[in-house]
Structure formats: C-alpha cells, structure tokens
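Student: I have a new model open and would like to go through some of its features. May we begin with a loop?
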Amino acid sequence: MQHIQKILNAILSKKVFEYLVVDKHFVIEKSSMGLFKYLENAPMPQESVFEHFPELVGYEDRILEVMRGETPYFKLQTIKKGEYWFDIYVDRYEEDRVLLLLHNVTAFTVTQHRLLQYSNEQTLVRSTLEQIIENNQMICVIDQNNVIAFANESFRNYFDLDTGDTLSTKVLQLNEYVDIDDFYFKALHHGALINVKKQYFEVEAKPIDALYRLFLFKDITAVYTRTAALEKALRFDTLTGLLSRRAFEESVITLIAEKRSFLFCVLDLDDFKKINDTYGHNRGDSTLREFGSFCRYFFGEGVMMGRWGGEEFLMVIERSRVEDAIKTVDDFRKRLATHPFEENIVVTVSIGATWCNQNDSFEELFLRADKAMYRAKTEGKNRIVLDAPIPTLECS
Amino acid sequence: MGNSIIMIRKKILLLGDFAVGKTSLIRRYVDNAFDDKYLTTVGVKISRKRLETEGEQYELLIWDIEGATPFKEIPKNYYAGASGAIVVGDVSRNDTIENLQKHIDNFLSQNPDVPYLVAYNKTDLLSEAQRHAIVSSGDHIFTSAKTGENVPLLFESLLERIIHAAHSKNS
Ligand SMILES: Nc1nc2c(ncn2[C@@H]2O[C@H](COP(=O)(O)OP(=O)(O)OP(=O)(O)O)[C@@H](O)[C@H]2O)c(=O)[nH]1
Ligand SMILES: [Mg+2]
C-alpha cells in the first residue's frame, strides 16, 4: 500500500487529480483536500458518495465488481460539475474499497466545446439552407461579376439557367432593371417585382459576404393578377372602357413632365340630354358605352382618351405638328357623325382643343380647351375649335 | 443516514441529435426557464429534480448528454444503470425525427426492457395542420421547451412508466 500511496501522491502533486476513497457501503472514507474547490459542499467522511456524485447512481454493481477485483477500473468521461469537467476513474484500492480519481479535463474540454459549438452551428445553418432550397423557392447566388455561382433545381429549370450563366442575360433583360446593381438594390430594400414567362416574381436579395449575393424568387403570380385586376378597375371607366378621370390626369401630368408635344381636347357629346329624354337613361348609358367602343376602335392605342364625367371626355393626341393632330381629331369627328348607333341614333361631338405649351399645367390646358369647346357649341356644335390661331402654335 | 425519508433515486437519460432541445427541456423542467441562444452540451451534466408520486419521494437524476453528431460516438457506458430515457427529436428538422429510432435502438441494446418516451420538441414552430401531418409510431409527446407545453407531463409520464415497470418486475 505504501507503494500505491506514493504513486498517488506523485499524481496529485501535479494538481490535475483529486481523489476519494469509498467503502463497500458507498460511504466516503477520505478525500483529497483540493476537492472543495470543485464541489458546492466538500464531501465529509461518513457521507454517502451518491450525495456528492449522483453521476454514480446506476453504477453500484460495477463499483462492487471493481472492488472485488472482478473487473478492472472503469471510467466516466467528461462529466460536468459546476464550471469544470472531469473524467472519473473508479479503481480498486485495497480490499473492500475503491478509489475515485477525478481528472480535471476542463482546459481540453473547453477547446473541444468550441469546436463542437462551431461545427454544430455550421450544420444547422446548412440544414436551414437545405430546407429553404427544398421549399420550392427559387434561389440563386451570384458573384461580383453577376455570374451564377449556385442555383437550385427549381431555379435552373424555370429560367433554363445554370451555374456560369449571368443572372442578367436571361432573367433580367426582359425587365426594366438593366443594371444588376440597380436590381440588387431594389431587391435588397423593398423586394423587386419581375415578370418572366407570364409569371410574376417578388425577388428578395441578401448579401452573403463581400463577393456573393443571394436572390430568392417567390412566385406571386396569383396575388399579382388579382391586384392587377383591381388596379385596372380603378384605372378605367367601367361604362366606356376609356381611362378614368384620375388615370387620365396622371398620365397627362407625366407627359407634361416629359416635355412632350401634344394636342389636348375637351369633347362634349351634342344634345345628349335629348337622347336621355327621348329614349330613357338606359339608352343614354348604352350610347356612352358604344361611343367608348367607337373611340377605342377608331384610335386604337394611338390616342389617349378619358371620361371626365357625364358626356364629357378628354383626349390627348401626340403629334409633332398641330395641323396633323387637328386633322386626325377632325377625321374622328366626321366619322362619328356618320356612324350609326343603335336605333339609328346619330351622335355628334363638339371639341375644344389647345396645344400644350412649355410650363402648362393640367388645369391650364383644361381651362383653355374647355373654353374652346364652349365656342364650338355656340358656333353650331359638331365641330372642332382651336383656342388660338394655328401659326402661333408651331412647335419644334 | 439518519434520515427517515427514503429517497428513491432514478437515473434518466435525454438522448437525441444535437440541438433538438435536450438541454432546454431539462432547463424548462428543473428551473422553468428558457433561452433562445444555442449553447451546445459537451459530455454530460446531471440535474436533479425531486418529486413525490404515489406517496413516495423520488429524485430524478437527469442526464443531459451531448447530442449525437455524425462525427463523434456517445460513450455507451453513459447508458449504464438508467431507469428510463427520453428520446428527443426536433419537429423542424426532419433528419432528427428520422434518427429517433436509431437512438432508441442504441438505448435498448444497453438497457433491454427499460421504459422510454419520445418527445417531438419545438412544436411551437408548427401549425396545427403540420402537427397532424406528423406520422409516428410508438409513444410520443409533443413538447415545446420554449412555451413549456407538456414538459412536466413528459417527465412525469416517464417516471410513471418507470414505477410500473419496477412493479411488474417485482411481481
Ligand atoms: N422554438 C423552439 N426552440 C427551441 C425549443 N427547444 C430548444 N430550442 C432552441 O433550440 C436550440 C438548441 O437547444 P438545446 O436545448 O441547446 O439543444 P440540445 O439538444 O441540448 O443540443 P446539444 O446539447 O448540442 O445536443 C436552442 O437555440 C434553443 O433555444 C423549443 O421548444 N422551441
Ligand atoms: Mg444540450
């Protein structure tokens, strides 16, 4: 025993081990002085070892086997007690006693812990990414040259793109975003909307690091078409199918801002009250409807027309010369007068026109054209009146 | 030793893949607390919880074992002398659910006929419909360490099984 005690003292002097001696009733006989540093309550002789080491509950049989010399020592690895980790060795110590050696492995375990933490976190990130990928969202990652470094299957299939292609070539060329940075910025901050192959996508972007950017494409076609239908309803006058008052005004304001040359007209159907009085309101409505179709048929996309209210309409016709614009509008007026409406009603229109000058506002245009329209009425209806003589209206 | 109340100590294990919420379930049960931050467990840490059932005093010695990863084996001798186990899966990570059976088999190979329960944890992340969609075999309890849902029930049901297993063994 002297021998063992010597070895023990040698080990303990290195201060990485603490020990307890436990008898066959699992009662503590003695322990090293250093233990109190690690345990909340220092173990006292005559206490049950399980009080201080509940880790050993369940190992009673094995402890007894070691004690009787039937099996060699056993070890429990990396047991945390307070702020420390220990490997616990249970070894034979004289007859009817075991020695519990506690090896402080904290320094080693802390390093291991850091590695494990890092590796587990990485695995979690990867599995989250895989989940997004499996989620049917379209994903691609591009490098600083706009070249696709990664694209998931649904992205590759839908856009017919693979790694090595650039994102702008096939996907974005179809859209208003010419510049990839422009698109990225929009997608990063508000989500960008794009339309590819009749589907609508909301695109979100995220930086991955200094070099890579991630794009997530969410198919919102269903929502978008519903919203678009709603917007269309607000943009167009339901009866005539021409632009609504608000939409027309907004479009004219845009044209003014873009300094475009155009003729602005106010149109008022002649003697419309008579139609209402003679044939009733329903006939009035259907006449307006038919007038709308006639206008859309006559002008196609070339002319912008809106309903201002009642039987009053507005028109903008873009030409570089006033005479050409006037001629087109007058042709329209003449054709209208010969067009047979239902029940052979004849519809004519009085038109006031004005040329858009630099710095005109919508209100100024409207006032001038409206005045001219009244003149057309007083001068006998079914005619076009320009608010000023043509020569002064030449434009570039 | 000089104490008239007899405390029955039971060793129970929490097993499962890493980050499924083993530590969080124990923390919720023992301290009624929860933390969103992930701090992985290395090795083993034991928590104690006392409770009284059927007129007897129990002390659960709950082994919080480092989660299984593909890179490292869990020492088998941790399993020795266990009275029961809770095998935990994370409902938001399918692979952790698929691995449940592997953990059960490992446990039973060391402790044949010892009762265990399966916890489907993090149910706060699921909708009701998703919950119904989870197909499972055997005994399982839906839990959330975050909200505390079914957490005491989980541990108490296991203890109940442990007690009944002991009774049927004795008779
Ligand atoms: N939403 C939610 N998150 C949870 C729940 N339980 C645990 N978590 C979170 O999941 C992460 C992992 O939880 P832990 O309890 O550390 O998991 P563990 O199984 O002990 O992990 P290892 O020790 O690495 O094996 C932490 O960020 C927890 O906050 C839960 O019920 N709901
Ligand atoms: Mg843990």
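Student: Where is the place of A:Ile208 in chain A?

Tutor: In this predicted model, A:Ile208 sits in the loop between strand S9 (199–207) and strand S10 (213–219) of chain A. Strands (E, at least two residues) and helices (H or I, at least four) are DSSP runs, numbered from the N terminus.

Student: Is A:Ile208 buried, partly exposed or exposed?

Tutor: A:Ile208 counts as partly exposed, because its relative accessibility is 47%. Buried means under 20% relative accessible area, exposed over 50%, and partly exposed in between (1.4 Å probe, protein chains only).

Student: Which residues make the nonpolar surface patch?

Tutor: A:Ile208, A:Leu211 and A:Tyr212 make a nonpolar surface patch of about 260 Å². Patches are made of residues with over 30% relative accessible area and no salt bridge, with nonpolar side chains (Val, Leu, Ile, Met, Phe, Trp, Tyr) joined within 5 Å and like charges within 9 Å. A salt bridge is a side-chain nitrogen of Lys or Arg within 4 Å of a carboxyl oxygen of Asp or Glu. Accessible areas come from the Shrake-Rupley method with a 1.4 Å probe, and for residues only the protein chains shown count as cover.

Student: Turning to helices, at what angle do H9 and H13 of chain A pack?

Tutor: Helix H9 (residues 245–257) and helix H13 (residues 362–378) of chain A pack at about 110°, and their axes are 10 Å apart. H9(A) is therefore roughly perpendicular to H13(A), a term that covers 65 to 115 degrees. Axes are lines fitted to C-alpha atoms, for helices over the stretch in contact, and angles run from 0 to 180 degrees between N-to-C directions.

Student: Which residues make the contact?

Tutor: H9(A) contributes A:Phe248, A:Glu249, A:Val252, A:Ile253 and A:Ile256, while H13(A) contributes A:Phe362, A:Glu363 and A:Leu365. Contact means heavy atoms within 4.5 Å.

Student: What is A:Ser251 in contact with?

Tutor: A:Ser251, also in helix H9 of chain A, is in contact with A:Arg235, A:Leu243 and A:Met304, leaving aside neighbours within four places in sequence. A:Ser251 is buried, because its relative accessible area is 16%.

How values were computed:
Residues numbered from 1 in each chain as written. Chains lettered and ligands numbered in written order. Predicted model: local features only at pLDDT ≥ 70, side-chain atom pairs only at ≥ 80, totals over all residues. Heavy atoms only, no water. Parallel < 35°, antiparallel > 145°, perpendicular 65-115°, else oblique.
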